[in-house]
Amino acid sequence: MIIVESKNRCKIRIAGRPSERLDTLPVPGRVAATPARIPGIRPRLLKGKGDNVRIGTPLFCDKSRPEIRFVSPGCGEITDIVYGPRRIIEQIVIGIKSPETHERFKVVDDKTLGAISRKDLVASLLDSGLWPFLHDVTTRAIASPADKPSSVWVSLDPDDPFQPLSRVVVSGKEDVFAFGVKVLKLLAPKVNVCERDDMQVSDPILSSLVTHRVSGPYPAGDPSVLHYRTKKGADENRAWYISAQDLVCLAESLMSGQYCIDRVAAVSGPGDENQRHVLTRAGTPLASLVTGIDAVDDFYWICGGLFTGTPLGPDDFLGRFDASLTIIPKTDPPRLFGFLRPGADRPGCSRAYLSAFLPGFFPPDAGMHGEERACINCGTCASICPVDILPQFLYKSILTEEFEDALAHGLLDCAQCGFCSYSCPSKIELAETFGKARQDYFSGKI
Ligand code: SF4
Ligand code: SF4
(Lines give C-alpha, C1' and ligand atoms only; values in the text may rest on other atoms or scores of the structure.)
(Ligands and ions follow the chains in the order given, each with its own letter.)
Protein backbone atom coordinates (compact mmCIF):
# COMPACT_ATOMS: atom_id res chain seq x y z
CA MET A 1 0.00 0.00 0.00
CA ILE A 2 1.44 3.37 -1.03
CA ILE A 3 0.48 6.34 1.14
CA VAL A 4 0.15 9.69 -0.66
CA GLU A 5 -0.13 12.78 1.53
CA SER A 6 -1.26 16.17 0.34
CA LYS A 7 0.63 19.30 1.35
CA ASN A 8 -2.55 21.36 1.05
CA ARG A 9 -4.21 22.17 4.35
CA CYS A 10 -7.08 24.26 2.95
CA LYS A 11 -10.37 22.40 3.20
CA ILE A 12 -13.55 23.04 1.26
CA ARG A 13 -16.03 24.18 3.88
CA ILE A 14 -19.21 24.45 1.85
CA ALA A 15 -22.33 23.05 3.50
CA GLY A 16 -24.95 20.93 1.73
CA ARG A 17 -23.25 17.57 1.06
CA PRO A 18 -25.60 14.91 -0.29
CA SER A 19 -26.73 12.28 2.19
CA GLU A 20 -26.12 8.57 1.55
CA ARG A 21 -29.80 7.98 0.84
CA LEU A 22 -30.27 6.43 -2.62
CA ASP A 23 -33.62 6.97 -4.36
CA THR A 24 -34.49 5.23 -7.62
CA LEU A 25 -36.08 7.58 -10.14
CA PRO A 26 -38.68 6.52 -12.74
CA VAL A 27 -37.69 6.12 -16.42
CA PRO A 28 -37.82 9.61 -17.98
CA GLY A 29 -39.91 10.32 -21.08
CA ARG A 30 -36.85 11.52 -22.98
CA VAL A 31 -33.09 11.39 -22.64
CA ALA A 32 -30.27 13.07 -24.51
CA ALA A 33 -26.64 12.67 -25.48
CA THR A 34 -24.66 15.90 -25.10
CA PRO A 35 -21.67 15.82 -27.52
CA ALA A 36 -20.64 19.47 -26.99
CA ARG A 37 -19.81 18.76 -23.34
CA ILE A 38 -17.32 15.98 -24.10
CA PRO A 39 -13.84 17.55 -24.02
CA GLY A 40 -11.39 17.01 -26.86
CA ILE A 41 -13.73 15.60 -29.52
CA ARG A 42 -15.26 16.94 -32.74
CA PRO A 43 -18.58 15.11 -33.02
CA ARG A 44 -19.90 13.70 -36.31
CA LEU A 45 -23.50 12.47 -36.39
CA LEU A 46 -24.15 8.83 -37.28
CA LYS A 47 -27.95 9.11 -36.95
CA GLY A 48 -30.44 11.81 -37.89
CA LYS A 49 -33.68 13.31 -36.61
CA GLY A 50 -36.56 10.81 -36.91
CA ASP A 51 -34.31 7.74 -36.78
CA ASN A 52 -35.20 4.96 -34.36
CA VAL A 53 -32.44 3.77 -32.07
CA ARG A 54 -31.93 1.19 -29.35
CA ILE A 55 -29.96 1.50 -26.14
CA GLY A 56 -26.35 1.19 -27.33
CA THR A 57 -26.91 2.27 -30.98
CA PRO A 58 -24.00 4.54 -32.06
CA LEU A 59 -25.26 8.15 -32.30
CA PHE A 60 -22.06 10.04 -33.13
CA CYS A 61 -18.32 9.58 -33.34
CA ASP A 62 -15.21 11.69 -33.01
CA LYS A 63 -14.36 13.13 -36.47
CA SER A 64 -10.62 12.79 -35.94
CA ARG A 65 -10.88 9.31 -34.35
CA PRO A 66 -14.03 7.77 -35.93
CA GLU A 67 -13.42 4.45 -34.18
CA ILE A 68 -14.45 6.19 -30.93
CA ARG A 69 -18.23 6.06 -30.96
CA PHE A 70 -20.81 7.33 -28.49
CA VAL A 71 -23.99 5.34 -28.08
CA SER A 72 -27.60 6.04 -27.27
CA PRO A 73 -28.69 6.13 -23.61
CA GLY A 74 -32.28 5.31 -24.60
CA CYS A 75 -34.47 3.33 -26.99
CA GLY A 76 -36.90 5.29 -29.14
CA GLU A 77 -36.98 8.00 -31.79
CA ILE A 78 -34.53 10.87 -32.19
CA THR A 79 -36.96 13.75 -31.76
CA ASP A 80 -34.54 16.66 -31.89
CA ILE A 81 -30.95 17.57 -32.61
CA VAL A 82 -30.02 20.87 -30.98
CA TYR A 83 -27.17 22.89 -32.47
CA GLY A 84 -25.26 25.65 -30.71
CA PRO A 85 -23.01 28.41 -32.03
CA ARG A 86 -21.01 27.39 -35.14
CA ARG A 87 -23.33 24.39 -35.51
CA ILE A 88 -21.76 22.50 -32.66
CA ILE A 89 -24.02 19.57 -31.72
CA GLU A 90 -25.27 20.30 -28.21
CA GLN A 91 -27.99 17.70 -27.72
CA ILE A 92 -29.34 14.61 -29.46
CA VAL A 93 -32.74 14.10 -27.84
CA ILE A 94 -34.40 10.68 -27.84
CA GLY A 95 -38.09 10.20 -27.02
CA ILE A 96 -38.27 6.92 -25.07
CA LYS A 97 -40.50 4.17 -26.49
CA SER A 98 -41.32 1.26 -24.19
CA PRO A 99 -40.49 -1.57 -24.06
CA GLU A 100 -36.86 -0.57 -24.61
CA THR A 101 -34.42 -2.89 -26.37
CA HIS A 102 -30.61 -3.04 -26.38
CA GLU A 103 -28.01 -3.52 -29.10
CA ARG A 104 -26.09 -6.71 -28.30
CA PHE A 105 -22.35 -7.23 -28.44
CA LYS A 106 -19.94 -10.05 -27.60
CA VAL A 107 -19.93 -11.00 -23.92
CA VAL A 108 -16.59 -10.82 -22.12
CA ASP A 109 -16.74 -12.39 -18.66
CA ASP A 110 -14.49 -14.06 -16.12
CA LYS A 111 -14.40 -17.26 -18.22
CA THR A 112 -13.53 -15.62 -21.55
CA LEU A 113 -11.28 -12.78 -20.33
CA GLY A 114 -8.26 -15.10 -19.94
CA ALA A 115 -8.38 -16.06 -23.63
CA ILE A 116 -8.80 -12.56 -25.07
CA SER A 117 -5.83 -10.53 -26.37
CA ARG A 118 -5.33 -6.83 -25.57
CA LYS A 119 -6.01 -5.98 -29.23
CA ASP A 120 -9.33 -7.86 -29.21
CA LEU A 121 -10.33 -6.26 -25.91
CA VAL A 122 -9.65 -2.77 -27.30
CA ALA A 123 -11.72 -3.65 -30.40
CA SER A 124 -14.53 -4.92 -28.21
CA LEU A 125 -14.55 -1.75 -26.06
CA LEU A 126 -14.60 0.40 -29.20
CA ASP A 127 -17.40 -1.64 -30.82
CA SER A 128 -19.61 -1.54 -27.77
CA GLY A 129 -19.25 2.22 -27.14
CA LEU A 130 -17.53 1.57 -23.78
CA TRP A 131 -14.15 3.03 -24.79
CA PRO A 132 -15.08 6.68 -23.93
CA PHE A 133 -15.05 5.76 -20.21
CA LEU A 134 -11.23 5.72 -20.37
CA HIS A 135 -9.53 9.10 -20.05
CA ASP A 136 -5.97 10.35 -20.36
CA VAL A 137 -4.66 11.88 -17.09
CA THR A 138 -2.71 14.63 -18.87
CA THR A 139 -5.17 15.87 -21.47
CA ARG A 140 -8.28 14.66 -19.56
CA ALA A 141 -9.69 13.81 -22.98
CA ILE A 142 -10.83 10.34 -24.02
CA ALA A 143 -7.86 7.97 -24.15
CA SER A 144 -6.36 7.12 -27.50
CA PRO A 145 -6.81 3.45 -28.49
CA ALA A 146 -3.31 3.57 -30.00
CA ASP A 147 -1.67 4.39 -26.64
CA LYS A 148 -0.15 1.94 -24.21
CA PRO A 149 -0.33 3.66 -20.83
CA SER A 150 2.01 2.85 -17.95
CA SER A 151 -0.94 2.66 -15.54
CA VAL A 152 -4.65 3.22 -15.06
CA TRP A 153 -5.94 5.09 -12.01
CA VAL A 154 -9.25 4.39 -10.31
CA SER A 155 -10.16 6.70 -7.41
CA LEU A 156 -12.77 5.09 -5.19
CA ASP A 157 -13.89 8.34 -3.61
CA PRO A 158 -13.24 11.63 -5.38
CA ASP A 159 -12.55 14.18 -2.66
CA ASP A 160 -14.90 16.72 -4.18
CA PRO A 161 -17.58 16.58 -1.45
CA PHE A 162 -20.41 16.80 -3.96
CA GLN A 163 -19.58 13.66 -5.95
CA PRO A 164 -21.20 10.22 -5.36
CA LEU A 165 -19.72 8.10 -2.58
CA SER A 166 -18.24 4.72 -3.49
CA ARG A 167 -20.13 3.08 -0.64
CA VAL A 168 -23.30 4.04 -2.52
CA VAL A 169 -22.08 3.45 -6.09
CA VAL A 170 -20.07 0.24 -5.66
CA SER A 171 -22.05 -1.25 -2.76
CA GLY A 172 -23.33 -4.72 -3.74
CA LYS A 173 -21.27 -4.63 -6.94
CA GLU A 174 -17.83 -5.39 -5.49
CA ASP A 175 -17.45 -8.51 -7.71
CA VAL A 176 -18.26 -6.45 -10.79
CA PHE A 177 -15.71 -3.82 -9.76
CA ALA A 178 -13.09 -6.58 -9.25
CA PHE A 179 -13.81 -7.92 -12.75
CA GLY A 180 -13.39 -4.35 -14.07
CA VAL A 181 -9.94 -4.19 -12.48
CA LYS A 182 -9.02 -7.46 -14.26
CA VAL A 183 -10.13 -5.89 -17.55
CA LEU A 184 -7.94 -2.83 -16.89
CA LYS A 185 -4.97 -5.11 -16.17
CA LEU A 186 -5.15 -6.30 -19.77
CA LEU A 187 -4.91 -2.69 -20.95
CA ALA A 188 -2.05 -1.45 -18.75
CA PRO A 189 0.72 -3.09 -16.73
CA LYS A 190 -0.37 -1.35 -13.50
CA VAL A 191 -3.83 -0.65 -12.12
CA ASN A 192 -3.81 1.77 -9.20
CA VAL A 193 -6.91 1.71 -7.02
CA CYS A 194 -6.93 4.56 -4.55
CA GLU A 195 -8.99 5.04 -1.39
CA ARG A 196 -9.19 8.07 0.92
CA ASP A 197 -7.78 7.59 4.40
CA ASP A 198 -10.98 9.01 5.91
CA MET A 199 -13.17 6.68 3.82
CA GLN A 200 -11.29 3.38 3.98
CA VAL A 201 -13.25 0.56 2.40
CA SER A 202 -14.32 -2.27 4.67
CA ASP A 203 -15.42 -4.76 2.02
CA PRO A 204 -12.73 -7.50 1.76
CA ILE A 205 -12.93 -7.71 -2.06
CA LEU A 206 -12.44 -3.97 -2.48
CA SER A 207 -9.75 -3.62 0.18
CA SER A 208 -7.72 -6.42 -1.49
CA LEU A 209 -7.66 -4.30 -4.67
CA VAL A 210 -6.59 -1.01 -3.06
CA THR A 211 -3.00 -0.07 -3.92
CA HIS A 212 -2.86 3.57 -2.75
CA ARG A 213 -4.26 5.51 0.19
CA VAL A 214 -4.45 9.30 -0.03
CA SER A 215 -4.84 11.84 2.74
CA GLY A 216 -5.61 15.53 2.53
CA PRO A 217 -8.43 17.68 1.20
CA TYR A 218 -9.56 18.19 -2.40
CA PRO A 219 -7.98 17.63 -4.90
CA ALA A 220 -5.53 15.19 -3.28
CA GLY A 221 -7.38 12.17 -4.72
CA ASP A 222 -7.70 13.47 -8.27
CA PRO A 223 -6.06 10.95 -10.66
CA SER A 224 -3.92 13.65 -12.33
CA VAL A 225 -2.66 14.77 -8.93
CA LEU A 226 -1.99 11.22 -7.77
CA HIS A 227 -0.16 10.44 -10.98
CA TYR A 228 1.93 13.60 -10.71
CA ARG A 229 2.90 12.80 -7.11
CA THR A 230 3.79 9.14 -7.66
CA LYS A 231 5.32 8.85 -11.14
CA LYS A 232 9.00 8.03 -11.12
CA GLY A 233 10.18 8.96 -14.60
CA ALA A 234 9.27 10.17 -18.09
CA ASP A 235 8.42 6.60 -19.16
CA GLU A 236 5.44 6.80 -16.78
CA ASN A 237 4.12 10.05 -18.23
CA ARG A 238 1.31 8.39 -20.13
CA ALA A 239 -1.47 7.15 -17.85
CA TRP A 240 -5.24 6.80 -17.96
CA TYR A 241 -8.02 7.06 -15.42
CA ILE A 242 -11.59 5.87 -15.03
CA SER A 243 -14.06 6.66 -12.25
CA ALA A 244 -15.18 3.85 -9.94
CA GLN A 245 -18.74 4.21 -11.22
CA ASP A 246 -17.67 4.10 -14.87
CA LEU A 247 -15.58 1.00 -14.17
CA VAL A 248 -18.60 -0.78 -12.70
CA CYS A 249 -20.65 0.28 -15.72
CA LEU A 250 -17.97 -0.90 -18.17
CA ALA A 251 -17.61 -4.26 -16.39
CA GLU A 252 -21.38 -4.82 -16.13
CA SER A 253 -21.78 -4.06 -19.84
CA LEU A 254 -19.01 -6.48 -20.87
CA MET A 255 -20.43 -9.25 -18.66
CA SER A 256 -23.97 -8.84 -19.99
CA GLY A 257 -23.21 -8.00 -23.63
CA GLN A 258 -25.37 -4.90 -23.49
CA TYR A 259 -24.63 -1.25 -22.75
CA CYS A 260 -25.33 -0.24 -19.13
CA ILE A 261 -27.12 3.09 -18.84
CA ASP A 262 -27.51 3.26 -15.05
CA ARG A 263 -26.11 6.34 -13.37
CA VAL A 264 -25.92 7.21 -9.70
CA ALA A 265 -25.84 10.98 -9.32
CA ALA A 266 -25.16 12.97 -6.16
CA VAL A 267 -27.67 15.79 -5.89
CA SER A 268 -27.08 18.81 -3.70
CA GLY A 269 -29.64 21.58 -3.74
CA PRO A 270 -32.00 23.56 -1.53
CA GLY A 271 -33.99 21.49 1.00
CA ASP A 272 -33.29 18.09 2.60
CA GLU A 273 -35.17 16.32 -0.23
CA ASN A 274 -32.55 17.58 -2.66
CA GLN A 275 -29.47 16.36 -0.79
CA ARG A 276 -29.27 12.70 -1.71
CA HIS A 277 -28.04 10.16 -4.24
CA VAL A 278 -30.36 9.16 -7.06
CA LEU A 279 -30.25 6.09 -9.29
CA THR A 280 -31.21 7.27 -12.74
CA ARG A 281 -29.81 6.86 -16.24
CA ALA A 282 -27.27 8.71 -18.35
CA GLY A 283 -28.88 11.53 -20.32
CA THR A 284 -31.81 12.09 -17.98
CA PRO A 285 -33.32 15.64 -17.77
CA LEU A 286 -31.76 17.60 -14.89
CA ALA A 287 -35.16 18.88 -13.71
CA SER A 288 -36.18 15.28 -12.93
CA LEU A 289 -33.35 14.89 -10.38
CA VAL A 290 -34.76 17.44 -7.94
CA THR A 291 -38.09 18.23 -6.31
CA GLY A 292 -39.83 21.40 -5.17
CA ILE A 293 -37.65 24.00 -6.91
CA ASP A 294 -40.10 26.46 -8.50
CA ALA A 295 -37.99 29.55 -9.15
CA VAL A 296 -35.54 27.59 -11.28
CA ASP A 297 -33.92 30.73 -12.74
CA ASP A 298 -32.81 31.88 -9.27
CA PHE A 299 -30.23 29.11 -9.12
CA TYR A 300 -27.08 27.95 -10.88
CA TRP A 301 -27.40 24.32 -12.00
CA ILE A 302 -23.91 22.89 -12.05
CA CYS A 303 -23.41 19.50 -13.61
CA GLY A 304 -20.14 17.72 -12.78
CA GLY A 305 -17.92 18.74 -9.88
CA LEU A 306 -18.51 21.96 -7.98
CA PHE A 307 -15.11 23.25 -9.15
CA THR A 308 -14.89 21.55 -12.51
CA GLY A 309 -18.49 21.24 -13.67
CA THR A 310 -20.54 23.10 -16.26
CA PRO A 311 -23.29 25.62 -15.44
CA LEU A 312 -26.47 24.43 -17.16
CA GLY A 313 -30.22 24.77 -16.63
CA PRO A 314 -33.17 22.56 -15.67
CA ASP A 315 -33.92 21.90 -19.37
CA ASP A 316 -30.49 20.34 -19.84
CA PHE A 317 -29.51 16.71 -19.44
CA LEU A 318 -27.12 14.66 -17.29
CA GLY A 319 -24.06 14.01 -19.47
CA ARG A 320 -22.61 10.54 -19.92
CA PHE A 321 -19.68 11.31 -17.59
CA ASP A 322 -21.56 13.52 -15.14
CA ALA A 323 -22.32 12.12 -11.74
CA SER A 324 -23.48 15.14 -9.79
CA LEU A 325 -25.84 18.06 -9.86
CA THR A 326 -25.21 20.97 -7.49
CA ILE A 327 -27.75 23.75 -7.30
CA ILE A 328 -26.70 26.99 -5.66
CA PRO A 329 -28.53 30.32 -5.34
CA LYS A 330 -27.57 33.12 -7.73
CA THR A 331 -28.10 35.77 -5.10
CA ASP A 332 -25.38 38.38 -4.72
CA PRO A 333 -27.02 40.96 -2.43
CA PRO A 334 -25.29 44.35 -2.29
CA ARG A 335 -23.44 44.80 0.99
CA LEU A 336 -23.09 48.28 2.36
CA PHE A 337 -19.38 48.97 2.87
CA GLY A 338 -18.73 45.31 2.03
CA PHE A 339 -15.06 46.06 1.40
CA LEU A 340 -14.72 47.06 5.05
CA ARG A 341 -16.20 43.80 6.35
CA PRO A 342 -13.77 41.15 7.54
CA GLY A 343 -15.34 38.30 5.51
CA ALA A 344 -16.41 36.11 8.43
CA ASP A 345 -19.20 34.67 6.24
CA ARG A 346 -17.10 33.98 3.12
CA PRO A 347 -15.55 30.54 2.84
CA GLY A 348 -12.13 30.44 1.25
CA CYS A 349 -8.45 29.74 1.77
CA SER A 350 -7.11 33.24 1.81
CA ARG A 351 -6.15 34.71 5.17
CA ALA A 352 -7.50 37.97 3.78
CA TYR A 353 -10.90 36.75 5.07
CA LEU A 354 -11.71 36.23 8.73
CA SER A 355 -13.44 32.94 7.80
CA ALA A 356 -9.99 31.34 7.39
CA PHE A 357 -9.65 31.48 11.20
CA LEU A 358 -13.20 30.35 12.03
CA PRO A 359 -14.46 26.75 12.30
CA GLY A 360 -17.52 25.28 10.56
CA PHE A 361 -19.15 25.09 7.16
CA PHE A 362 -20.67 27.92 5.11
CA PRO A 363 -23.75 27.92 2.87
CA PRO A 364 -22.90 27.81 -0.85
CA ASP A 365 -22.71 31.28 -2.35
CA ALA A 366 -22.11 32.09 -6.01
CA GLY A 367 -21.88 35.83 -5.40
CA MET A 368 -18.76 37.52 -6.74
CA HIS A 369 -19.09 40.40 -4.25
CA GLY A 370 -17.52 42.79 -6.72
CA GLU A 371 -15.35 42.67 -9.81
CA GLU A 372 -12.22 40.71 -10.62
CA ARG A 373 -9.20 42.61 -9.29
CA ALA A 374 -5.50 42.64 -10.09
CA CYS A 375 -3.28 39.92 -8.63
CA ILE A 376 -1.91 41.05 -5.26
CA ASN A 377 0.77 38.34 -5.20
CA CYS A 378 -0.62 36.90 -1.98
CA GLY A 379 0.60 33.42 -2.92
CA THR A 380 -2.60 31.66 -1.80
CA CYS A 381 -2.99 29.89 -5.15
CA ALA A 382 0.60 28.60 -5.02
CA SER A 383 0.15 27.36 -1.46
CA ILE A 384 -2.81 25.15 -2.40
CA CYS A 385 -1.84 23.96 -5.90
CA PRO A 386 -1.52 20.17 -5.64
CA VAL A 387 0.97 19.87 -8.51
CA ASP A 388 3.43 22.55 -7.38
CA ILE A 389 2.52 25.11 -10.03
CA LEU A 390 2.83 28.82 -9.26
CA PRO A 391 -0.55 29.73 -10.78
CA GLN A 392 0.01 33.50 -10.56
CA PHE A 393 3.10 33.26 -12.80
CA LEU A 394 1.50 30.73 -15.14
CA TYR A 395 -1.45 33.10 -15.52
CA LYS A 396 0.82 36.03 -16.35
CA SER A 397 2.74 34.03 -18.99
CA ILE A 398 -0.52 33.08 -20.70
CA LEU A 399 -1.83 36.67 -20.63
CA THR A 400 1.40 37.91 -22.21
CA GLU A 401 1.32 35.02 -24.74
CA GLU A 402 4.68 33.70 -23.52
CA PHE A 403 3.68 30.09 -24.15
CA GLU A 404 7.18 28.65 -23.75
CA ASP A 405 7.18 30.17 -20.26
CA ALA A 406 3.68 28.78 -19.64
CA LEU A 407 4.91 25.27 -20.47
CA ALA A 408 7.94 25.78 -18.23
CA HIS A 409 5.59 26.88 -15.43
CA GLY A 410 3.78 23.53 -15.67
CA LEU A 411 0.75 24.24 -17.89
CA LEU A 412 0.59 20.56 -18.86
CA ASP A 413 0.81 19.38 -15.24
CA CYS A 414 -2.28 21.41 -14.28
CA ALA A 415 -4.90 18.99 -12.99
CA GLN A 416 -7.72 21.39 -13.88
CA CYS A 417 -9.04 21.10 -10.33
CA GLY A 418 -10.25 24.70 -10.19
CA PHE A 419 -9.05 25.13 -6.62
CA CYS A 420 -6.83 28.13 -7.43
CA SER A 421 -9.81 30.06 -8.83
CA TYR A 422 -11.79 29.22 -5.69
CA SER A 423 -9.01 30.35 -3.40
CA CYS A 424 -8.00 33.57 -5.19
CA PRO A 425 -9.12 36.65 -3.18
CA SER A 426 -8.90 38.76 -6.36
CA LYS A 427 -11.46 36.44 -8.04
CA ILE A 428 -9.21 35.73 -11.01
CA GLU A 429 -10.46 32.86 -13.18
CA LEU A 430 -7.10 31.11 -13.16
CA ALA A 431 -8.24 27.54 -13.88
CA GLU A 432 -10.50 28.66 -16.74
CA THR A 433 -7.57 30.48 -18.35
CA PHE A 434 -5.34 27.41 -17.93
CA GLY A 435 -8.05 25.17 -19.37
CA LYS A 436 -8.37 27.30 -22.52
CA ALA A 437 -4.59 27.46 -22.97
CA ARG A 438 -4.31 23.66 -22.57
CA GLN A 439 -7.08 23.15 -25.12
CA ASP A 440 -5.25 25.43 -27.57
CA TYR A 441 -2.03 23.53 -26.95
CA PHE A 442 -3.56 20.08 -27.46
CA SER A 443 -5.44 21.22 -30.58
CA GLY A 444 -2.19 22.62 -32.03
CA LYS A 445 -3.28 26.28 -31.98
CA ILE A 446 -0.23 27.28 -29.89
S1 SF4 B 1 -2.98 25.46 -11.31
FE2 SF4 B 1 -4.99 25.65 -10.32
S3 SF4 B 1 -6.34 24.29 -11.52
FE4 SF4 B 1 -4.20 23.73 -12.00
S5 SF4 B 1 -3.72 22.07 -10.57
FE6 SF4 B 1 -2.99 24.00 -9.63
S7 SF4 B 1 -4.72 24.62 -8.33
FE8 SF4 B 1 -5.54 23.09 -9.75
S1 SF4 C 1 -3.57 34.95 -8.53
FE2 SF4 C 1 -4.93 35.39 -6.78
S3 SF4 C 1 -4.37 33.86 -5.22
FE4 SF4 C 1 -2.72 33.90 -6.73
S5 SF4 C 1 -1.19 35.32 -5.92
FE6 SF4 C 1 -2.55 36.53 -7.28
S7 SF4 C 1 -4.16 37.32 -5.96
FE8 SF4 C 1 -3.14 35.70 -4.79
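User: What should I know about the numbering and the model before I start?

Analyst: Residues are numbered from 1 along each chain as its sequence is written, while chains are lettered from A and ligands numbered from 1 in the order in which they are written. The model is predicted, and local features need pLDDT of at least 70, side-chain atom pairs count only at pLDDT 80 or more, and totals for chains, interfaces and linings use all residues.

User: Into which domains is the chain divided?

Analyst: Domain bounds come from an automatic or database domain assignment. Here the chain is divided into domain 1 (1-260) and domain 2 (368-442), and their C-alpha centres lie 28 Å apart. Two residues are in contact if their C-beta atoms, placed from the backbone, lie within 7 Å; the contact takes 14 residues from domain 1 and 11 residues from domain 2.

User: How do I read the order of strands in the open sheet?

Analyst: Strands (E, at least two residues) and helices (H or I, at least four) are DSSP runs, numbered from the N terminus, and two strands pair if DSSP finds at least two bridges between them. The open sheet of six strands has the order β1-β13-β12-β11-β14-β10, with mixed pairing. Because β1 (2-5) and β10 (135-136) stand at the edges with a single partner strand each, one side of each is left without a neighbour in the sheet. Strands β11 (151-155) and β14 (239-241) run parallel and are joined by three bridges, and Trp-153 stands opposite Tyr-241 in β14.

User: Which residues come nearest to ligand 1, and which to ligand 2?

Analyst: A residue is near a molecule if its C-beta atom, placed from the backbone, lies within 6 Å of it. Ligand 1 has 15 residues around it, of which Cys-385, Cys-414, Cys-417, Cys-420 and Ala-431 come nearest. For ligand 2, also with 15 residues around it, the nearest are Cys-375, Cys-378, Cys-381, Gln-392 and Cys-424.

User: Which helices supply the shells, and how do their residues divide?

Analyst: Around ligand 1, α11 (419-423) and α12 (430-442) each supply at least two residues, and the largest share, three residues, comes from α12. Around ligand 2, α8 (380-384) and α9 (391-399) each supply at least two. Ala, Val, Leu, Ile, Met, Phe, Trp, Tyr, Cys and Pro count as nonpolar, Asp, Glu, Lys and Arg as charged, and the others, Gly among them, as polar. The shell around ligand 1 divides into 13 nonpolar, two polar and no charged residues, and the shell around ligand 2 into nine nonpolar, six polar and no charged.
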